[in-house]
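User: Please take a close look at the charged side chains here and at how they pair. I'd also like to know about the strands and helices that surround them.

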Amino acid sequence: MSLTASFDVKQNVLIVRLSGELDHHESETLRSEWKKMMHKNNITHVILNLEDVSFMDSSGLGVVLGRYKEVLQLGGEMVVCSISAPVYRLFDMSGMFKIVRLEENEEHALSALGVAS
Amino acid sequence: MKNEMYVEFSSISENEAFARVTIGSFVAQLDPTMDELTEIKTVVSEAVTNAIIHGYNNEPGHLVSITCTLDDDAVELTIKDEGIGISNVDEARQPLYTSKPELERSGMGFTIIENFMDNLEIISLPDNGTTVYMKKQLSKKTVSK
């Protein structure tokens, strides 16, 4: 099962919705698409919707961390939402929740960033 | 009863998914929990990715092998490459350590393996390949005691 990514821009927020399995193989295409979307639009914050991610490993974390660093440089915040139990464990174990904010769903994430959905 | 499988495949990233799905299918006969199955698929993905990216520097045309043994409710995995090896295994096992920071690696591979498995042994010498041995006792027997 491969990975599909869809992007949506709301004001200065980039919403990234992933579906499928995020491993090293999938991470390279995702990285370049994600970077392109951030640079093409005037983005400050990123919302990462992981609802349909069925598998992720440390290569997936690497891509998320890379974008987190970019968002930080833009003075923004990264919010992760709709996370599944196995991906939650991976994030928790890796200390990701110390740096990215967790919200229940996209709507909550948007309002946390001060954007009306 | 002991049951063993062996698989060998090219060092290309497409095979990361193949490897974890194959091992997942083999281990499924022990009736693991969903969590255990995810853990095993994750560690296979981590070790195979390491072999491809680090062992073989992302060069295709090499081989990665996996031996998986099921013995009662224990799963043993040996994932092997004939690549460049690791000069300092203790350093490589540290959380957040990566030899390739330019590739946006999280450096969490071995830490995740340590968390998800009961045993992890890394046998590696520079230019002599890397063998990652992992073992996990599935919960079934301990739950029913």
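This is a predicted model: local features need pLDDT of at least 70, side-chain atom pairs count only at pLDDT 80 or more; totals for chains, interfaces and linings use all residues.

Analyst: Happy to! Residues are numbered from 1 along each chain as its sequence is written, chains are lettered from A and ligands numbered from 1 in the order in which they are written, and side-chain values use heavy atoms, with hydrogens and water left out.

The partner of A:Glu106 is A:Arg17: the two form a salt bridge whose closest N and O atoms are 2.6 Å apart (a side-chain nitrogen of Lys or Arg within 4 Å of a carboxyl oxygen of Asp or Glu). The pair ties together distant parts of the chain, 89 residues apart, with A:Arg17 in strand 2 and A:Glu106 in helix 4 (residues 106-112) of chain A. Helices (H or I, at least four residues) and strands (E, at least two) are DSSP runs, numbered from the N terminus. A:Arg17 is partly exposed, at a relative accessible area of 27%.

Strand 2 of chain A also takes part in a link between chains. B:Arg20 and A:Glu21 meet side chain to side chain in a salt bridge of 2.7 Å, N to O, crossing from helix 1 of chain B to strand 2 of chain A. B:Arg20 is buried at 0% relative accessible area, and A:Glu21 counts as buried at 8%.

What surrounds these two residues? In chain A, strand 2 (residues 13-22) pairs with strand 1 in the antiparallel sense over 8 bridges, where pairing takes at least two DSSP bridges between the strands. Along this pair, A:Phe7 stands opposite A:Val16. The whole is an open sheet of 5 strands in the order 1-2-3-4-5, with mixed pairing. Its edge strands are strand 1 (3-10) and strand 5 (101-103) of chain A, each pairing on one side only, and the twist averages 25 degrees from one strand to the next.

On the chain B side, helix 1 (residues 14-27) lies across strands 1, 2 and 3 of chain B and runs at about 170 degrees to strand 1. Helix 2 of chain B packs on the sheet too, touching strands 1, 2, 3 and 5 (130-137) of chain B, with its direction at about 10 degrees to that of strand 3. Contact here means heavy atoms within 4.5 Å; axes are lines fitted to C-alpha atoms, for helices over the stretch in contact, and angles run from 0 to 180 degrees between N-to-C directions.

Charge counts Lys and Arg as positive and Asp and Glu as negative, leaving out His and the chain ends. The side chain of B:Glu36 instead reaches the backbone nitrogen of B:Ser139 at 2.7 Å. Leaving aside residues up to four places away in sequence, B:Glu36 touches B:Lys136, B:Leu138 and B:Ser139.

B:Asp81, in strand 3 (residues 74-81) of chain B, is another buried residue without a salt bridge; B:Lys80, the nearest side chain of opposite charge, is 9.4 Å away. Its side chain reaches the backbone nitrogen of B:Gly83 at 2.8 Å. With residues up to four places away in sequence left out, B:Asp81 touches several residues, including B:Ala51, B:Tyr56 and B:Thr130.

To close the count, there are 12 salt bridges over all chains. A:Arg31, A:Arg67, A:Glu70 and B:Glu104 are linked in a network of them.

Notes: A polar contact is a pair of N or O atoms within 3.5 Å; within protein, one must be able to donate a hydrogen and the other to accept it, and residues adjacent in sequence count only if both atoms are side-chain atoms. Buried means under 20% relative accessible area, exposed over 50%, partly exposed in between (1.4 Å probe, protein chains only).
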